[in-house]
Amino acid sequence: MGVWFEDVPLGGKVTIGSYTFTEENIIAFAKKYDPQPFHIDKEAAALSPYGGIIASGWQTALVWMKLMIAHRNAAVAAGEVRTQENYVSPGFRDLKWLKPVRPGMTITYTNESVAKRDWKSLPQYGLLEGYNEGLSDDGTLVYSFINRVLIARKPAE
Amino acid sequence: MTDLIYFDDFQAGQVYQLGTHLLTAEEIMEFAAEFDPQPQHLDAGAATGILGGLAASGWHLCALSMRMMVDGLFCRAASVGAPGVDELQWRKPVRAGDTLRLEGEVLATRKSSKGARGYVQFRFSMWRGEERVMMFVCWPMFGCRAAAGAG
């Protein structure tokens with residue numbers, strides 16, 4: 001059972017999950033997608049402005065997506081009302097890597113629906129914007145962005 | 001290492017060609033299984049929703065573009081990371097068999113207050129032929145030549 005764009009409420013901040021970054025998963029990710037010395041080479045990273053290995057910002061971003069899908073699937077399995085279709089997104093904005101993410105840090109991600117807009121190129125859909133945060137173990141904000149997702153509007157009777 | 005590219009070398013109007021990548025169904029599905037497990041990214045037989053068949057996760061294109069930036073420019077530059085992305089647009093579905101080309105256009109430069117590095121505003125565009133499938137604006141940072149004691 002799903003809901004249409006018109007029925008989606010704003011607000012409702014939720015914790016979507018947590019992920020622990022390790023030296024192993026940071027280096028493995030970066031070797032594949034972002035092989036810069038401060039992500040993959042401990043000695044070079046120690047001499048960099050970061051003073052040690054830090055996670056690729058894209059790893060921090062992709063973990064959000066991974067946790068978001070798991071969160072949504074769990075909600076569907078629990079019988080909660082969700083939107084009609086799979087997520088389709090035209091992009092995002094204001095993505096901020098605010099603090100380095102280092103090995104051993106556990107990041108907890110939250111999501112809150114903050115705005116609903118028209119989407120002119122696909123008028124049968126509406127655009128939902130969510131504000132997302134990534135918080136480190138001590139509650140420091142290390143990551144934030146505004147995600148955008150298109151949700152089907154209620155068909156005309 | 002005197003041939004490294006520093007902040008000082010960037011100017012508005014420069015365009016960097018950052019290589020091409022032929023996307024396969026296997027890598028679309030492998031990426032999606034790890035980071036974005038939705039049917040439209042996982043199943044070659046799926047014809048779901050507005051994407052109409054197997055399409056790459058937009059986040060996959062982000063990761064691919066990062067790799068192309070590193071291989072095409074950052075690996076020979078005094079790159080020190082980036083504070084974020086102003087705006088990113090996924091404009092068209094991207095499919096298995098597409099050849100993707102990445103281009104980076106310098107829009108502006110801004111030296112940081114401490115002077116040891118500077119921000120370079122780029123618009124990165126991913127092209128499939130003449131079609132721009134993804135575009136984003138961000139501000140990677142680069143060290144300054146003088147601060148590195150080079151040249």
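## Strand pairing across the chains

In this predicted model, β4(A) pairs with strand β2 (residues 84-90) of chain B. The sense is antiparallel, and the pairing runs over five bridges. One residue pair can be named: A:Phe92 has B:Leu88 in β2(B) as its bridge partner.

## The contact between chains A and B

Chain A brings 25 residues to the contact, and chain B brings 29 residues. On the side of chain A that touches chain B, α4 (57-77) and β4 (91-97) of chain A each supply at least two residues.

What is the make-up of the side of chain A that touches chain B? Its residues divide into 15 nonpolar, five polar and five charged.

## Helix α1 of chain A

Helix α1 of chain A spans residues 23-33. Its buried residues are A:Ile26, A:Ile27, A:Phe29, A:Ala30 and A:Tyr33. Viewed down the axis of α1(A), these buried residues fall within an arc of 165°, so they line one face of the helix. The face turned away from that buried side carries A:Glu24 and A:Lys31, which are exposed.

What covers the buried residues of α1(A)? The cover includes elements of both chains. Chain A provides α2 (37-40) and α4. Chain B provides α3 (58-72).

Technical notes: Residues are numbered from 1 along each chain as its sequence is written. Chains are lettered from A and ligands numbered from 1 in the order in which they are written. This is a predicted model: local features need pLDDT of at least 70, side-chain atom pairs count only at pLDDT 80 or more; totals for chains, interfaces and linings use all residues. Two residues are in contact if their C-beta atoms, placed from the backbone, lie within 7 Å. Helices (H or I, at least four residues) and strands (E, at least two) are DSSP runs, numbered from the N terminus. Ala, Val, Leu, Ile, Met, Phe, Trp, Tyr, Cys and Pro count as nonpolar, Asp, Glu, Lys and Arg as charged, and the others, Gly among them, as polar. Two strands pair if DSSP finds at least two bridges between them. A residue is buried if 20 or more other C-beta atoms lie within 10 Å of its own, exposed if 12 or fewer, and partly exposed in between; C-beta atoms are placed from the backbone. The arc is that of the directions from the helix axis to the C-beta atoms.
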